[in-house]
Amino acid sequence: MNQRRSITGFSNPTVKFLRSLREKKHRKASGKFLAEGLRLLTDARECGHLPEMLVMAERRDPHPLLDALEADVLRAGGEVIETSTDILGKITGKDNPQAVAGVFAEFDTSLAAIDRSTAKIWLVAQALRDPGNLGTMLRTGDAVGAGGLILINDCADPFSVEAVRASMGAIFTQKVALARWEEFLPWLRGGPGQLVAASLRDAVDYRTAPYAAPCFLMVGNESRGLPEDYETACDLRVTMPMKGRADSLNAAVAGAVLAYEALARLD
């Protein structure tokens, strides 16, 4: 049944549910996550992902993309809610919220959902803790035509509001898988795939490295990098020249540099 309703109170159970999606334990319990902004929700719609619930500010500016989104959500049996900007700000955690947010069902994040034959490049991150870095890696993956991002061990939650926001819609274009290292490595070795680490140990220059598709480019934790045994298990270790005082790049930046180099070599 198509549903449209208005919410005016902060204590409304739906508002409480929406606010709870800012916490990982509630996202996992419900299997839902929150995304905000017309551009991001339009990207999701164009990728075949419609929100189950669309939340809109009452005094929003009219926009044909928002009208199309609203019509599709209602046609699919979803729910459309109108509320105040203040309540929308409480839901998203922003003082100046965008005029629209949506609730989506989380995707299948198992390695079994990854088809390595669909792309030449895949990004891998180990113990990546910053949701902004995670979102940036998703955005990079979209930019280079990667298949997706595989998150190893204890990474930030890809469905957090911060990571989704930083992905600029790439959460809907990139496959995301979550795995332990002990699960990932046998899966990788069970088919074609070159595992490449950003490393300083016995590494070759990233500009002359022999990349091969499907190429899995792996970066480590922001402060500690990759564990030595993880690097040893890689087929190729590459390094980037550091001309200044810094001894390493930001993890997401390193992933982007490697991804564009691999793209140039594998195209």
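A crossing is left-handed if the near helix is turned anticlockwise from the far one by less than a right angle, and right-handed if clockwise. Keep that in mind for the helix pair below.

Before you start clicking: this is a predicted model, where local features need pLDDT of at least 70 and side-chain atom pairs count only at pLDDT 80 or more, while totals for chains, interfaces and linings use all residues. Residues are numbered from 1 along each chain as its sequence is written, and side-chain values use heavy atoms, with hydrogens and water left out.

**Stop 1: the helix pair.** Select 38-46, which is helix α3, and 64-75, which is α4. Helices (H or I, at least four residues) and strands (E, at least two) are DSSP runs, numbered from the N terminus. The two axes come within 10 Å and cross at roughly 50 degrees; axes are lines fitted to C-alpha atoms, for helices over the stretch in contact, and angles run from 0 to 180 degrees between N-to-C directions. Angles under 35 degrees count as roughly parallel, over 145 as roughly antiparallel, 65 to 115 as roughly perpendicular and the rest as oblique, so α3 and α4 are oblique to each other. The crossing of α3 past α4 is left-handed. Show side chains, and you'll find Leu-38, Leu-41, Thr-42 and Arg-45 of α3 meeting Leu-65, Leu-66, Ala-68, Leu-69 and Asp-72 of α4; contact here means heavy atoms within 4.5 Å.

**Stop 2: the sheet under α3.** Stay on α3, which lies across β2, β3 and β5 and runs at about 35 degrees to β5. These strands belong to an open five-stranded sheet, ordered β1-β4-β3-β5-β2 with mixed pairing. Its edges are β1 (3-7) and β2 (32-36), each pairing on one side only; two strands pair if DSSP finds at least two bridges between them. Now pick 53-57 and 100-105: β3 and β5 run antiparallel, joined by four bridges. One to click is Val-55, whose bridge partner in β5 is Ala-101.

**Stop 3: Glu-36.** This residue sits in β2. Is it buried or exposed? Glu-36 counts as buried, at 7% relative accessibility (buried is under 20% relative accessible area, exposed over 50%, partly exposed in between, with a 1.4 Å probe and protein chains only). Bring up Arg-165 too: its side chain makes a polar contact with that of Glu-36, at 2.4 Å. A polar contact is a pair of N or O atoms within 3.5 Å; within protein, one must be able to donate a hydrogen and the other to accept it, and residues adjacent in sequence count only if both atoms are side-chain atoms. Not counting residues up to four places away in sequence, Glu-36 also touches others, including Leu-41, Lys-94 and Val-161.

**Stop 4: the other sheet.** Seven strands form an open sheet in the order β8-β7-β6-β11-β9-β12-β10, with parallel pairing. The edge strands, each pairing on one side only, are β8 (175-179) and β10. Select 121-126 and 215-219 to see β6 and β11 run parallel, with five bridges; Ala-125 stands opposite Val-219. Helix α10 (251-266) packs on this sheet, touching β6, β9, β11 and β12, and its direction makes about 160 degrees with that of β11.

**Last stop: β12.** On the β9 (194-198) side, three bridges make a parallel join, and Val-196 stands opposite Leu-236. With β10 (204-205) there are two bridges, again parallel, and Asp-205 stands opposite Thr-239.
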